[in-house]
Amino acid sequence: MFAFFRPASHRAPLPDDQVDTTYRRLRWQIFAGIFIGYAGYYLLRKNFSLAMPYLIEEQGYTRGQLGVAISAVAIAYGLSKFLMGLVSDRSNPRYFLPFGLLVSAAVMFVFGFAPWATSSVTIMFVLLFINGWAQGMGWPPSGRTMVHWWSQKERGGVVSVWNVAHNVGGGLIGPLFLLGLAWTNDWHAAFYVPATMALLVAVFAFAAMRDTPQSVGLPPVEQYKNDYPQGYDASHEKEFSAKQIFVEYVLCNKLLWYIALANVFVYLLRYGVLDWAPTYLKEAKHFSVDTTSWAYFFYEWAGIPGTLLCGWMSDKIFRGNRGLTGIVFMALVTVATLVYWLNPPGNPGVDMAALFAIGFLIYGPVMLIGLQALELAPKKAAGTAAGFTGLFGYLGGSVAASAAMGYTVDHFGWDGGFVMLIAACLLAIAFLVPTLRHTRAASSSRGVAA
């Protein structure tokens, strides 16, 4: 079934004098492919959130109904990120990543041009489920690519820079929506304008990406950088069976379970704020459509410097202790969320600053959990390990942020919704605490400097 995605075969080794120049050139090229390619996925991830105020006003849907519909993305994405992660560990990312992007773009075109697409909660749920499943084909092949092309000691910086791709893509949704709205005076532009750009991104990603170094005649990155993880041997270059990956390297990894549970509440806060920002700011703070779209942009793009700072602090200040770094950032997120909630209407500057601060701080813990997942499994199992933590984040946290948040606000108002978000912050910290000793031990024993 997945023969089309089969990993590329090894090519004859290049001459020694060509290895360094080829490695350097391809690493820049491949990084551009996975960065822009993954940013393209986020052009199509949260478009529905921008459309929700119009669906409430024009078609009479309740917040709870739309929360159920948009929860389909989280349910499908969580399952897909895990299951397609298992497939991606045995696939060629050059085909895998662009294909998922094309499927996602097709769904957005349906939303943009087919009136029946928003005619019922059931239809919206099904279409958003398909989109969420396709979205799950972006992270795993990117993770597989990074662990094959960058060694462990340089991976932290690479992952933190790559991780801001979703802020770049997600932040562009708002301006693209406003641009499409200005051109067409049609709120459906929130779907079809970003989808058009995503098609171009898919073509670029296919042209830029490659499979493993061995597939282009290069040695493994561990040999090239003389950076071998503890216990590394030739078997690490062999493809594992699905059973080995799932049972031996995921289910039996206690630290993965800790960070997966923490991820539930990190994602609940992340998407509880992001998904409902346009609706909350319009209803509770009386923002205009233009202002809410720009608030969406600032929230996402604030994550770019925040993620880079978090990665640097994790390496240099906390010396590889990902758990402690995550706790510090989540404590600060709690404060920013309280300000966002308790600031009275009529102070838009404070609301925007608080939203910027939440975006600046929350994406660091998101990145750290993904980085830990990559570090705590062999590179041939990296996609599945990352998918495992994502499964918890999306099926638990993001679904709650969509459906549970919508119904909570319907019944208890926005105050009830924010009590749930503050509780999520505290529970994320609680589940990160047990990782402190384990993270430190894992980092020192595995020589993690990334």
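Modeller: Happy to! Helix 12, residues 254-274, has 21 residues and reaches 30 Å from its first C-alpha to its last, close to the 30 Å expected at 1.5 Å a residue. Keep in mind that this is a predicted model.

Colleague: Is helix 12 largely enclosed or open, and why?

Modeller: Largely enclosed by the rest of the structure, because 17 of its 21 residues are buried.

Colleague: Now the charges. How many salt bridges does the structure hold?

Modeller: There are six salt bridges. One of them joins Glu57 to Lys282, with the closest N and O atoms 2.2 Å apart. This pair links distant parts of the chain, 225 residues apart: Glu57 is in helix 2 and Lys282 in helix 13.

Colleague: And what does Glu283 pair with?

Modeller: Glu283 meets Arg63 in a salt bridge at 2.9 Å, N to O. Here helix 13 is linked to helix 3, across 220 residues. Arg63 and Glu283 also belong to a network of salt bridges with Asp410.

Colleague: What about Arg144 and Asp211, buried or exposed?

Modeller: Both are buried. Their salt bridge has its closest N and O atoms 3.5 Å apart. Arg144 sits in helix 6, while Asp211 is in the loop between helix 9 and helix 10.

Colleague: Switching topic: which residues form a nonpolar patch on the surface?

Modeller: Trp294, Phe298 and Phe356, with about 280 Å² of accessible area together. Phe356 lies in helix 16 and is partly exposed, at a relative accessible area of 37%.

Key: Residues numbered from 1 in each chain as written. Predicted model: local features only at pLDDT ≥ 70, side-chain atom pairs only at ≥ 80, totals over all residues. Heavy atoms only, no water. Helix = DSSP H or I, 4+ residues; strand = E, 2+ residues; numbered from the N terminus. Expected span 1.5 Å × (residues − 1). Buried < 20%, exposed > 50% of the residue type's maximum accessible area, 1.4 Å probe, protein only. Patch = residues over 30% accessible without salt bridge, like charges linked within 9 Å, V, L, I, M, F, W, Y side chains within 5 Å. Areas by Shrake-Rupley, 256 points an atom, 1.4 Å probe, with all protein chains shown as cover. Salt bridge = Lys/Arg side-chain N within 4 Å of Asp/Glu carboxyl O.
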